[in-house]
Every structure is written in C-alpha cells, then in structure tokens.
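Dear colleague,

Please read them with the model open beside you.

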Amino acid sequence: MSQHYTDEALSSGKPRKRRRFSDEMLFTLECVSCEADLRTTPVETQVVIGHYNGGQLAACRGACARKACGHPGGLPDEGPVLPLERRLEEWEEMEL
C-alpha cells in the first residue's frame, strides 16, 4: 500500500483516509496538518515533511510535523522550506 498511516491509525486498526492537499499546501503556504497560514508564521517554525509533484510540503515544527511525517523536526536530510518570496512568486504564477 502506498498510503502513509500514522502510528495512531495503525494502533487503532482503522486506516485513515488519504487527505487531499489544498492549493496553498501544494505551494508550501499552509501547514498540511493544522492548516495554519505559513505566510504569517516564522520560517524557523516550518519544516519540510514531504514532496508532491516536485514541490515541497510543509508543516509546523513539533506536533504537526510528527502527525504528518512521523518526525517533529520534519524529514531527516531535508533542507529548510524555500524562502517565502519564492513560494509566493510560484503561487502568483499559478494564479495567472
């Protein structure tokens, strides 16, 4: 199975449904876990938790990242999230 399950879902015996990512999540502008607006949170609190269609997916450091990828600090060996200016440029290009 290619679907990612959390420890909670495995221990309960009930697999969670796959979540659909919002456009903002796909451009690393929204936390994939709590849906916080990453445009207004400090970049130091954001971590990369995965990739989708060549782009980064991010979450808030700590509980959100643990829920999303199993690691509170994001995925090991991943760099920081892209600079906000670059993420916004890509978002605006998509909107045109």
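**Charges and rings**

E95 is found in helix α4, where helices (H or I, at least four residues) and strands (E, at least two) are DSSP runs, numbered from the N terminus. This is a predicted model, in which local features need pLDDT of at least 70 and side-chain atom pairs count only at pLDDT 80 or more, while totals for chains, interfaces and linings use all residues. Residues are numbered from 1 along each chain as its sequence is written, and side-chain values use heavy atoms, with hydrogens and water left out.

With a relative accessible area of 49%, E95 is partly exposed, a class that lies between buried (under 20%) and exposed (over 50%), using a 1.4 Å probe and protein chains only. E95 belongs to a patch of negative charge on the surface, together with D23, E85, E89, E92 and E93; helix α4 gives the most to this patch, with 5 residues. Such a patch is made of residues with over 30% relative accessible area and no salt bridge, like charges being joined within 9 Å, and Asp and Glu count as negative.

Searching the whole structure gives 2 salt bridges, each defined as a side-chain nitrogen of Lys or Arg within 4 Å of a carboxyl oxygen of Asp or Glu. One of them joins R86 to E90 at 3.4 Å, N to O, and these residues, being 4 apart in helix α4 (residues 84-95), are separated by about one helical turn. R86 is partly exposed at 44%, and E90 is partly exposed at 30%. In the salt bridge between D37 and R39, the closest N and O atoms are 2.9 Å apart; D37 has 31% relative accessibility and R39 has 34%, and each counts as partly exposed.

The structure also holds 2 aromatic pairs, meaning rings of Phe, Tyr and Trp (its six-membered ring) with centres within 6.5 Å, where planes under 30 degrees apart count as stacked, over 60 as edge-to-face and the rest as tilted. F21 and Y52 form an edge-to-face pair, 5.6 Å centre to centre with 65° between the planes. This pair links F21, in the loop between α1 (7-12) and α2 (23-26), with Y52 in strand β1 (residues 46-52), 31 residues apart. F21 is partly exposed at 27%, as is Y52 at 39%.

The rings of F27 and W91 have centres 5.5 Å apart and planes at 80°, so this pair is edge-to-face. F27 lies in the loop between α2 and β1 and W91 in helix α4, so the pair ties together parts that are 64 residues apart in sequence. F27 is buried at 19%, and W91 is buried at 13%.

Best regards

Definitions and conventions. Patch = residues over 30% accessible without salt bridge, like charges linked within 9 Å, V, L, I, M, F, W, Y side chains within 5 Å. Areas by Shrake-Rupley, 256 points an atom, 1.4 Å probe, with all protein chains shown as cover. Charge placed at Lys NZ, Arg CZ, Asp CG, Glu CD.
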